[in-house]
Amino acid sequence: MNADQPTTITAYPNGPLIVRGPVELLDESGEPIVQPRRAVAICRCGASAIKPWCDGSHKLSGFASE
């Protein structure tokens, strides 16, 4: 990833956070989580089976953002 590229985080209505660009993601122990792509979807509903990544479970769980 290009460190000069701006990082953006977009909250999608009733869906995940889309992170584009370089960012350091850490797990609960402070260990780095490898970002598999330049843009990733992070779960907000808590129902994903592949946390922290979104697997579309928000659609089935009825998750609604404000």
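Here are some questions and answers about this predicted model.

Me: Where does Gln 35 sit?
Reply: Gln 35 is in the loop between β4 (32-33) and β5 (39-42).

Me: Why is Gln 35 called buried?
Reply: Its relative accessible area is 11%. The word buried is for anything under 20%, so Gln 35, at 11%, counts as buried.

Me: What makes the pair of Gln 35 and Arg 38 a polar contact?
Reply: A polar atom of the Gln 35 side chain lies 3.3 Å from the backbone oxygen of Arg 38. The cut-off for such a pair is within 3.5 Å, and 3.3 Å meets that.

Me: How much of the chain is buried, by that cut-off of under 20%?
Reply: Buried residues make up 23% of the 66 residues.

Me: What about contacts between residues at least 6 apart in sequence: how many of them join residues at least 24 apart?
Reply: That share is 24%. To count as a contact, heavy atoms have to be within 4.5 Å.

Me: What does the accessible surface of the chain come to?
Reply: About 4,700 Å², and 53% of that belongs to carbon and sulfur atoms.

Me: How many charges does the chain have, and how far apart are their mean positions?
Reply: There are 6 positive and 7 negative charges, and their mean positions are 13 Å apart. Lys and Arg count as positive here, Asp and Glu as negative.

Conventions. Residues numbered from 1 in each chain as written. Predicted model: local features only at pLDDT ≥ 70, side-chain atom pairs only at ≥ 80, totals over all residues. Heavy atoms only, no water. Helix = DSSP H or I, 4+ residues; strand = E, 2+ residues; numbered from the N terminus. Buried < 20%, exposed > 50% of the residue type's maximum accessible area, 1.4 Å probe, protein only. Polar contact = N/O pair within 3.5 Å; in protein donor to acceptor, adjacent residues only side chain to side chain. Areas by Shrake-Rupley, 256 points an atom, 1.4 Å probe, with all protein chains shown as cover. Charge placed at Lys NZ, Arg CZ, Asp CG, Glu CD.
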